[in-house]
Amino acid sequence: MSASSLRSFEYLEGLPGTTFNRLYKQPSTALAIFRRMLPHLAKSFVMALLYISHPMPVTDLEAWVRPDGRRERDNAVNLLERLHILAAASNPGKPRAYALTNPFAASLRLALTGGGNHNSFGVPYNMTEEESMSIAELDGFARRQWEGVLGYMVGSTGMNVASDGVTLSQGVKMLLASGGLVEVRGRTVEITKDGFAFILQEVNAQVWTMLILYLQNAESLNMDEVDVLAFLFMLGSLELGLPYSKANLSQTQTNMLEDLGDFGIVYQASPDSSYFYPTRLATTLTSDAGGLRSSSLASSGDSSRGFIVIETNYRVYAYTSSNLQIAILQLFARLITRYPNMVAGKVTRESIRRAVSMGITSDQIISYLTTHAHPQMAKNQPVLPPTVVDQIRLWQLEGDRMKATVGFLFKDFNTQAEFEAPCRYAEEIGVLVWKHEGQRKFFVTRHEQVAAYLRNKSGKGG
Amino acid sequence: MNAVDGSDHYNKTSDGKWHPQPPPSLLTIILDTNPHAWALLSSTLPLSVAIANLLVFINAHLAFNNSNKVAIIASHTQRAEFLYPIPSQGDLVQANGSTHNGAQHGLDGNEAPTADDANHYRPFRHIQTTLLSAISKLYKATTPESLTPTTSIAGALTLALTYINKQSIALSSTTSSKTNADPLVVPSDPNSVQPATLNPRILILSVSGDLAHQYIPIMNTIFACQRLTIPIDICKIAGDSVFLQQASDATHGTYIALTHPRGLLQYFMLGFLPDQSSRKYLVSPTAVGVDFRAACFCHRKVVDVGFVCSICLSIFCSPPEGAECLTCGTHLRLGEYGGKPAVLAKRKKKRKKGTDE
């Protein structure tokens with residue numbers, strides 16, 4: 001599971017069962033959850049059970065899976081139950097049997113066969129040729145908006161990122177601040193540790209993170225959670241490059257269009273127009289991350305997806321002219337020269353240490369380098385040179401030499417004997433962390449017993 | 001040196017993290033459209049019902065993964081034809097020259113302006129309309145003269161293999177690089193295509209038997225599939241299919257002979273839907289007793305015991321005329337041919353002895 005779907009999982013699993021029931025009424029939602037959220041084996045189970053009239057006995061399902069696939073089977077069944085897709089019914093006199101829960105099964109069947117009157121796959125809008133937008137234009141729009149959001153965050157680090165004239169709406173800025181990705185201090189904006197982690201993710205994961213922030217804020221804006229989620233899943237099932245009508249959207253969903261436009265997820269000519277276009281960011285919401293990575297959005301400026309080459313001598317070459325990508329790269333690499341289509345630099349101990357001190361982990365750096373590896377590099381197995389990966393990890397570990405322990409310090413003992421007795425006692429009960437005989441100080445993780453011991457002693461003495 | 005190379009764990013962690021989804025799978029369905037055979041089945045499973053079931057199955061396959069692909073090939077009485085995707089005119093023109101990019105464009109670009117329906121997922125509806133119109137076109141073009149009791153499975157298998165090859169080249173070139181303007185990218189080499197990028201498989205819906213006259217081309221495609229690790233799944237609705245059993249057996253595919261043709265969809269969903277990545281964990285149905293008989297090269301008869309040329313391994317049901325191999329022309333010596341009755345006589349004697357004692 002990729003990071004993005006994990007994140008959306010955690011959110012979905014927290015929803016109450018009734019919300020699921022309402023969500024699954026939309027065929028597009030059922031299809032999107034089936035496609036995006038389920039592991040591969042779970043999909044096979046769902047499909048096998050979809051057109052069976054009677055529940056499938058547990059033993060039958062177990063017999064279908066090979067003995068060495070038991071762990072995968074348990075994982076799949078467990079997840080299906082948590083998402084309220086599969087339910088084990090145990091009728092008296094009959095063996096325990098699995099069946100799909102109803103709103104989900106009915107919706108998925110509708111999605112597969114078509115029909116019904118739910119309009120959940122978007123109503124296309126008829127328009128003349130000259131008005132329509134090309135896919136390239138939509139991609140350009142989506143990229144501009146999304147990089148505007150990222151640029152707003154990165155720009156706060158003091159690196160000069162031209163924002164390409166994109167002005168972010170107040171809503172987006174508030175969302176970033178309330179999600180803890182940036183901190184607004186007066187007029188300056190500072191990126192947080194979470195913000196750095198966010199920047200280094202894949203686009204798809206970033207979009208999901210942002211949308212879940214949006215969902216969490218939805219209630220405070222008087223928006224219905226289910227309405228919002230259903231709309232997001234519907235967006236995922238639309239086709240790129242086609243206009244869709246706004247006629248049958250609910251009020252909440254029409255409001256959402258405006259906010260999503262700020263992220264570049266949908267495009268509408270003006271808030272009053274009667275149609276909207278989903279961009280690539282929207283249509284790949286419910287597809288696997290690979291679909292998006294191969295799109296032109298993952299990197300900017302050039303059309304190939306990866307642009308970073310890193311050699312075993314820690315030199316980094318990035319074929320990009322995007323200020324945003326250069327700024328991100330600068331977070332953890334020392335850039336030396338810049339050419340019209342390429343920057344060259346080096347990953348050094350200082351640059352990694354600086355990144356770590358800003359809250360970026362070595363894993364994030366490595367994952368960023370891997371996802372944006374140049375096609376020529378991506379052919380290698382493993383993609384990144386192992387020495388570089390190891391060294392980046394080691395550089396981070398250097399900083400982890402200190403370990404903080406919460407506890408209590410005892411000091412100011414009058415005599416050596418007075419110090420030694422409780423110190424020995426603390427050591428015996430296993431709470432002593434550190435002691436210094438000369439200064440007569442010692443440090444414990446729990447103080448209650450030691451304090452009682454001292455009280456007893458002083459009571460006896462005096 | 002590999003033993004001391006500690007890069008193993010990088011592969012593992014990166015695989016776990018960066019390739020969470022199994023590779024997209026390409027399902028190539030070969031639909032036997034022989035009108036004779038379907039007419040015989042009309043009481044239990046009419047063609048229209050079978051196609052409706054097939055469409056749901058295709059949609060389910062596409063629902064598995066956003067990048068899953070499907071192709072449907074009709075194996076008709078005398079020819080094989082693509083039902084989906086339909087090669088467009090532009091594609092046919094380019095087929096003579098370099099087809100590399102033209103194919104992709106042509107196959108996707110034939111979107112017919114269909115009645116828009118918000119209740120149907122667009123890609124699903126697209127396939128439905130294309131498939132239905134292609135089938136009706138195919139049947140309209142069928143004349144009574146062209147009717148034979150057989151079907152051109154070999155041609156359809158060959159088409160399927162070419163399509164699979166084309167798609168895996170297209171996929172690997174899009175994943176590695178799109179532009180040659182990039183200074184470090186060398187033009188992708190078709191030979192360097194890794195089979196892991198696409199999970200292809202072939203499903204044959206067989207209704208008619210008597211494939212013996214296509215024995216050699218069928219076996220050739222089977223061996224090609226075996227080499228490319230493409231499983232051939234067989235869904236036998238009717239008819240006798242010696243070689244199709246061998247096909248699924250040799251390529252580790254699924255073989256199901258339908259006992260209740262009305263439950264076609266459930267057979268599809270349970271047996272044929274899981275792709276290679278799920279089949280690792282599942283017990284898939286296979287034929288128990290595989291019929292390994294071969295067809296002779298001279299009369300296309302299925303034989304239990306035959307004659308094999310010692311040079312080229314051609315099979316004959318009876319010694320060829322003049323004892324010359326029809327394939328390689330080698331003059332064969334039959335040796336003590338005709339000694340067969342004598343062997344039988346010996347056996348009889350033994351048995352007699354056994355019964356006597």
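Modeller: Strands are DSSP runs of E with at least two residues, helices are runs of H or I with at least four, and both are numbered from the N terminus. A:Val433 sits in strand 14 of chain A, residues 432–436. The model is predicted: local features need pLDDT of at least 70, side-chain atom pairs count only at pLDDT 80 or more, and totals for chains, interfaces and linings use all residues. Residues are numbered from 1 along each chain as its sequence is written, chains are lettered from A in the order in which they are written, and side-chain values use heavy atoms, without hydrogens and water.

Areas come from the Shrake-Rupley method with a 1.4 Å probe; for residues, only the protein chains shown count as cover.

Is A:Val433 buried or exposed, or in between? Partly exposed, at 44% relative accessibility. Buried means under 20%, exposed over 50%, partly exposed in between (1.4 Å probe, protein chains only).

The context is chain A. Chain A has 22 helices and 15 strands. Of its 462 residues, 51% are buried. Chain A exposes about 21,000 Å², and carbon and sulfur atoms supply 49% of that area. Contacts are heavy atoms within 4.5 Å. Among those in chain A with a separation of 6 or more, 66% link residues 24 or more positions apart.
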